[in-house]
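Please read the following walk through one protein model, keeping the sequence and the 3D view at hand.

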Amino acid sequence: MADNRVFIFDTTLRDGEQVPGCKLNTTEKIDLALKLEELGVDIIEAGFPISSPGDFESVNKIASIVKDVTVCGLTRAVQKDIEVAAEALKPARRPRIHTGIGSSDIHIKHKFNATREEIIERGTAAVKLARNFVDDVEFFAEDAGRADIEFLARLVEAVIAAGATVVNIPDTTGYCLPHQYGEKIAYLKNNVPNIDKAIISCHCHNDLGLATANSIAGVIEGARQIECTINGLGERAGNTSLEEVVMILKQHKDLNLHTNINTQLLNPISRLVSETMRMPVQPNKAIVGANAFSHSSGIHQDGFLKEAITYEIINPEEVGAESSKIVLTARSGRHALAYRFQKLGFQFNRNDIDVLYKEFLKIADSKKEVMEEDLQQLANKYQTATVA
Ligand code: KIV
Ligand code: ZN
């Protein structure tokens, strides 16, 4: 596999589904899994099998239905969790067990009341046990974002020696700055002797709005898997947004990093996830928000109408969005007004537009957005007046 390929690990059905009120039933999860497969993700984290019979069933059914994608089940570093996950994943062509334990001193003390050495023992034992069931075992070092780097390196080395094929370095609390997260990945790359035997994975939360930036910093420093969700859904402020990291890698060709995602499916799957999980997408959300391709200020509209690349770095078609919109508000100029009239089939000359623009501004000042029906009325009134 080329070293510039970044694997996309989708956790919409696991971390994404942890959003309060977003619970999905098995049928909904299967439908989404099939869409994620079509999208081109490499790994689907289908759930946490021991957490409930419903989650077990979902992981089990998805494992038997999807064909080309790795199906992953989450576990704690606990024997029963791993056995149950292995059972749920039995029908999968490519099963992966994702097991792990806290790695920061805060977690080690407050969650586990353990020592660092005990954490290494429990982590390696979990990986060894999981390897008895599947060849592909991912280890997560929970709260790695706040972990001591030398200890993290020892833990990562030990779990790789125990058989981990992927090492996940989660910024569980979304605490790191991009350069700090990048440095963590670089440190592991340079100081863990057996690091070339595993793929490093980024799993970043968005508590400070840095999940996407941190994941990109991670792959720049050598990580080759990003864990993310559609629309950035997930615990608290969410996870890294799939559509954002994929488009960043596609836009920044200088990074020479690629994914397998069919980007034209990004907007359709965003809408599907939003509807199924009953979680509206914020209008200004990058790539998939309703305003991601809307232009409303006069300066931007004028530039955009002259040449789209002045204000758009992505062609909406490339991400399956509706074509760009020129929204008419009191900030719009004559160029935008003439363009919108033209779209309605009216060909007005410069003088007409000067007169119409004054009337347009009166309407625009009285409401947030001037709609198609307002333009139609304005044009009809003007034409009647000039013919008479
Ligand atoms: O945020 C996190 O640390 C997680 C792990 C369970 C991978 O979701
Ligand atoms: Zn998480």
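Lys 90 and Glu 87 form a salt bridge through their side chains, with 3.1 Å from N to O. A salt bridge here is a side-chain nitrogen of Lys or Arg within 4 Å of a carboxyl oxygen of Asp or Glu. Lys 90 is exposed, with a relative accessible area of 61%, and Glu 87 is partly exposed at 41%. Buried means under 20% relative accessible area, exposed over 50%, and partly exposed in between, using a 1.4 Å probe and protein chains only.

The model is predicted, so local features need pLDDT of at least 70 and side-chain atom pairs count only at pLDDT 80 or more, while totals for chains, interfaces and linings use all residues. Residues are numbered from 1 along each chain as its sequence is written, chains are lettered from A and ligands numbered from 1 in the order in which they are written, and side-chain values use heavy atoms, leaving out hydrogens and water.

The structure holds 26 salt bridges. One of them joins the side chains of Asp 143 and Arg 146 at 3.0 Å, N to O. Asp 143 is buried, with a relative accessible area of 0%, whereas Arg 146 is partly exposed at 32%. Another joins Lys 285 and Glu 244 at 2.6 Å, N to O. This pair links distant parts of the chain, 41 residues apart: Lys 285 is in the loop between helix 10 (266-277) and strand 9 (294-295), and Glu 244 is in helix 9 (residues 242-251). Helices (H or I, at least four residues) and strands (E, at least two) are DSSP runs, numbered from the N terminus. Lys 285 counts as buried, at 8% relative accessibility. Salt bridges also link Glu 17, Lys 23, Lys 29 and Asp 55 in a network.

The last stop is Asp 374, in helix 14 (residues 372-387). Asp 374 is buried, because its relative accessibility is 14%. Not counting residues up to four places away in sequence, Asp 374 touches Ile 363, Lys 367 and Glu 369, where contact means heavy atoms within 4.5 Å.
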